[in-house]
Amino acid sequence: MTAQDAIPDHAMPHPSEPSPTATSDASDDVAALRAALEARTQEVEALRAEIEETNRGVVALYSELDIQAEKLRHATELKSRFLAYMSHEFRTPIVAIQSITRLLMDRVDGPLTPEQEKQVGFVRDTAAEFSEMVNDLLDLARLEAGRVEVSPAWFDMVALFDALRGMFKPVLTNPDVSLIFEEPHGVSKLFSDNRKVSQILRNYISNALKFTPSGEVRVSATCDTPDTITFSVRDTGIGIPPASHGEVFQDFVQIDSPLQRRYRGSGLGLALSKRLAELLGGYVGFESEVGVGSRFYVTLPTTYPSQATAPNASRPAASAAPATGSGDDHAG
Ligand SMILES: Nc1ncnc2c1ncn2[C@@H]1O[C@H](COP(=O)(O)OP(=O)(O)OP(=O)(O)O)[C@@H](O)[C@H]1O
Ligand SMILES: [Mg+2]
């Protein structure tokens, strides 16, 4: 008799049946797995609840943002309307003051003493400044309200520069500064709004002359791509400190400097130029170094595109040099 024979048959494990220890091991595993699964399910459930709550928060935030945006739109509209009404109402008294000073200067009502002439001259200059500011405000309000029409037409670059040269001749009173218009490069005609292009350049040139005690102000136009033209106004003036680069195109911004105190202004010229450039499908920007000078530029499509099809003139990829203040990047 072998050892095998000594074990009764029923005590031998059937080859296909798990041993009792194996069965209990397996059921332990299943229980452990079930517990782990349960824990995971709870975790997922908790996460789902958290996400749902976050979602509810985001939805609430969105609707709050919508309400704020609506309020902001309303406030902007009120501001624009107020500016438009106010500047419009100011025009009549300004015109009256200007007419009366002209009559006095022309000695229509008799002679003036030298002191009276000086004082009337002061009134005339202040009224002219005030009138310019009111016009800028009115333009800004109209632009913000989307009520400025673009009247595109073909015009000649040389003619544009000639007109600007003529406009600035009477105000070139500083013998230490020369105003130079370079021959336009690569483009002779532009399909855009002549008056608005001229207004942007006038703002740039008058700033350059104002903030350049000596040296030159140079106006140029170059075609950097077949579809865009960049007008630049370079000066050898006081420059703009880097800390102020982000704000020059904002409304009512003037950077403190001795020259700033000497010449008054409203700080609207550049803000207006930026909006006009955008209206024409382009953008503005500048580079400046204190004590060396500045270059203000405007890039416009050579052919004014209809608003429906036109995004802003495409910018060169590397337009943001450290000392460069691009209108969109920095201005509000
Ligand atoms: N070429 C420049 N050189 C130095 N600083 C400049 C130059 N152009 C503009 N700035 C600065 O940017 C500010 C804003 O210019 P902007 O033309 O908007 O206003 P302004 O000339 O002071 O007033 P306004 O144009 O309304 O009469 C100026 O006050 C000046 O401090
Ligand atoms: Mg100005």
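Helices are taken here as DSSP runs of at least four residues, numbered from the N terminus, and the model to which they belong is a predicted one. In this model, the shell around ligand 1 receives at least two residues from each of two helices, α5 (194-210) and α7 (269-279). The residues around ligand 1 number 23, of which N207, I255, G265, G269 and L270 come nearest. When this shell is divided by class, ten of its residues are nonpolar, eleven are polar and two are charged.

Helix α5 also packs against helix α4, which spans residues 157-168, with the two axes coming within 11 Å and crossing at roughly 45°. At that angle, α4 is therefore classed as oblique to α5, and the crossing is right-handed. On the side of α4, the contact is made by L160, A163, L164, M167 and F168, while α5 contributes N194, V197, S198, L201, R202 and I205. Eight of the residues in this contact are nonpolar, two are polar and one is charged.

A further site of interest is A127, which is found in helix α3, a helix covering residues 114-144. A127 counts as buried because 20 C-beta neighbours lie inside 10 Å, the limit for a buried residue being 20 or more. When neighbours within four places in sequence are left aside, the contacts of A127 are with I94, I97, Q98 and T101. For one of these, Q98, the C-alpha atom is separated from that of A127 by 6.4 Å, although the two residues are 29 residues apart along the chain.

Key: Residues numbered from 1 in each chain as written. Chains lettered and ligands numbered in written order. Predicted model: local features only at pLDDT ≥ 70, side-chain atom pairs only at ≥ 80, totals over all residues. Buried ≥ 20, exposed ≤ 12 C-beta atoms within 10 Å, placed from the backbone. Contact = placed C-beta atoms within 7 Å. Near = placed C-beta within 6 Å. Nonpolar A, V, L, I, M, F, W, Y, C, P; charged D, E, K, R; others polar. Axes fitted to C-alpha atoms, helices over the stretch in contact; angles between N-to-C directions. Parallel < 35°, antiparallel > 145°, perpendicular 65-115°, else oblique. Left-handed = near helix turned anticlockwise from the far one by under 90°.
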